[in-house]
Amino acid sequence: MVSALALSPARVGSVINRNVGALRSGPSYWWVLLSGFFEPLLYLFSIGVGVGALVGNLHVSGQTMSYAAFVAPAMLAVSAMSGALAEATFNFFFKFKYVKTYDAMLATPIRPMEIAMGELAWAMLRGSFYTACFLAVMVAMKLTTFWWALAAFPATMLVGLAFGAVGMAITTLIRGWQDFDLVFTGQFAMFLFSGTFSPVQNYPTGVEILIGLTPLYHAVQLIRGLSTGQLSWGLLGNTFYLILMTAAGLLFANRRLTKVLTA
Amino acid sequence: MTTITRAPGRTAAATAPPASVRIMAALERYLTVYKRNWHGSIFSAFILPVLFMISIGIGVGGYIGTIDGWDYLSYIVPGVLASGAFQTAIGESTFPVMGDFKWTRGMHAMRATPLRIFDMIAGWQLYIQIRVFCGAVVFLIISALFGAIHSPWVVVTPLICALLALSTAAPVSAFSAGLDNDSYFSLLFRFVVIPSTLFAGVFFPVSQLQPFFRLLAYASPLWHGVVLCRAAMLGGPTPWPIWIHVTYLVAFSALGLWWADRAYSKRLKD
């Protein structure tokens, strides 16, 4: 068997290109693509602005901020996560199990690791389109400045990579669409508790530690730190966690793809 | 004494079973499918509402005083109850309906039996009613544990949820029956379902919205379901007379069923 390390960027690119072609061939694809951007925006207006009007200002670690300013970076992290996960779980599974897209790809010189990297890059690109739009809205609403938004953008790309890689790894283990209920429940639980809607310091210490182990917490911390300009050494730890997730997810997905598809 | 003899060669078509038997047969089909797939909905149906109450109701609610004299948890619980029914109804009317037309061909199989189009629709709606009703009862038990029930009228909320579910599942089934590509579901969720859930009075009063968006909230069946559930659980008045809210939902249901009948018939004509 050829080494997974000898990778060709051109072949990875062709995996990405297939997605572009598939998206363009679907009906109303522009609408579907654009509509993904509205989802986090709606949450921002409903919870951030609507419920925020009921909450007033929030005091977090010695700083006073409006509730919308607190929620917005979290919604940005969630948008990076769910954009990447949508591609890496449901769409990936459909191609993996039903349409047999990857079997077809493996009949060409493309290798499993190149499939994994190409699909991950595509998931990240799609997520980044949404986060870039969302950052523009945050700047327009004065929830962050232009330069801090620019600093936060690469962080959202890393978040997309980390969740895309792990999502893909989990999807290679999924047996049928019923199992996705568990994935969505996990995703939604993280969405509710990762310091998104209220500071984690409010939870009992045990719960706070537990949340500290889950990935969305690190994504929210990193993006909130950058977009509000509150830098600390902890952000390096968050970054490291997300890089580790990306690497582990990719390696695992590669192993499973190789085992299932080329056995 | 007379004995009934059936002429040879004249079978099912001449002696089609009555409507109730036909609808029950369709319902049985859906329940059989659910018996195989129930674990695909169990987490989202029972665990998510609890997590939601803790995160938003208690977590965010800790920063909020009272709304109309009620703590925030008590204020949103009726809304979350109604939006749960709304989402189950719509979820069950999208991929499963289109899949039965396009992928599994279950609809075509049913069409080959004495079932009429309307029996198939009625059986499906009954199935959704059962799902929503059970979900509502479980949710109410959980809410009671969180101390969020304040009126004996709470017993009518599963019925409100059932009506809300019919008023949304019927038109959405009709919409799904006319589709050939599931991309449109993303649009339905993003432009109808999620905005309704977020802005139709579940988390904050619609009076906070700009007039134009308030009108959109009034148009959504969810808002009518939410205010009815809230009135029943907190014992307060509804924004408009009760009969208007109920009539709106009934009208939506009737139109939806009529549209579904047309859409199913059109799809199965060939």
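Predicted model: local features only at pLDDT ≥ 70, side-chain atom pairs only at ≥ 80, totals over all residues.
For chain B in particular, the mean pLDDT is 88, and 94% of the residues of that chain reach 70 or more.

Along its principal axes, the C-alpha trace of chain B spans about 75 × 45 × 35 Å, and of the 270 residues in the chain, 46% count as buried. If we consider contacts in chain B between residues at least 6 apart in sequence, 82% of them join residues at least 24 apart.

One place to look at within chain B is the loop between strand S1, residues 66-67, and strand S2, residues 70-71, where we find B:Asp68. The phi angle of B:Asp68 is positive, at about 50°, although this residue is not a glycine. Is B:Asp68 buried or exposed? B:Asp68 has 10 other C-beta atoms within 10 Å, and is therefore exposed.

Helix H7 of chain B, residues 157-177, packs with helix H11 of chain B, residues 242-267, at an angle of about 25°, and their axes are 7 Å apart. Because angles under 35 degrees count as roughly parallel, H7(B) and H11(B) are roughly parallel to each other, and their crossing is left-handed. On the H7(B) side the residues that meet H11(B) include B:Leu163, B:Ser167, B:Ala170 and B:Pro171, while on the H11(B) side they include B:Phe252, B:Gly256, B:Trp259 and B:Arg267. Sorted by class, this contact of H7(B) with H11(B) has 15 nonpolar, 4 polar and 1 charged residues.

Now let us turn to chain A, and to another helix pair. Helix H5 of chain A, residues 112-140, and H6(A) pack at an angle of about 145°, with their axes 8 Å apart, and H5(A) passes H6(A) in a right-handed crossing. Among the residues making this contact are A:Ala123, A:Gly127, A:Ser128 and A:Thr131 of H5(A), together with A:Phe153, A:Thr156, A:Gly160 and A:Gly164 of H6(A). The residues of the contact of H5(A) with H6(A) divide into 16 nonpolar, 6 polar and 1 charged.

A:Thr156 has 31 C-beta neighbours inside 10 Å, and so counts as buried. A:Met141, by contrast, lies 15 residues from A:Thr156 in sequence and 19 Å from it in space, C-alpha to C-alpha.

In the loop between H5 and H6 of chain A sits A:Lys142, whose phi is near 60°, a positive value in a residue other than glycine. A:Lys142 counts as exposed because it has 10 C-beta neighbours inside 10 Å.

Finally, let us bring the two chains together. The contact between them takes 31 residues from chain A and 31 residues from chain B. On the side of chain A that touches chain B, helix H2 (29-55) and helix H7 (180-193) each supply at least two residues, and the largest share, 14 residues, comes from H2(A). The residues on that side of chain A divide into 20 nonpolar, 9 polar and 2 charged.

One helix pair spans the two chains as follows: H7(A) and helix H2 of chain B, residues 42-60, pack at an angle of about 5°, with their axes 10 Å apart. That angle makes H7(A) roughly parallel to H2(B). From H7(A), residues including A:Asp181, A:Phe184, A:Phe188 and A:Leu192 meet residues of H2(B), including B:Phe43, B:Ile47, B:Leu51 and B:Ser55. This contact of H7(A) with H2(B) divides into 11 nonpolar, 3 polar and 1 charged residues.

Key
Residues numbered from 1 in each chain as written. Chains lettered and ligands numbered in written order. Buried ≥ 20, exposed ≤ 12 C-beta atoms within 10 Å, placed from the backbone. Contact = placed C-beta atoms within 7 Å. Helix = DSSP H or I, 4+ residues; strand = E, 2+ residues; numbered from the N terminus. Nonpolar A, V, L, I, M, F, W, Y, C, P; charged D, E, K, R; others polar. Axes fitted to C-alpha atoms, helices over the stretch in contact; angles between N-to-C directions. Left-handed = near helix turned anticlockwise from the far one by under 90°. Parallel < 35°, antiparallel > 145°, perpendicular 65-115°, else oblique. pLDDT = per-residue confidence, 0-100.
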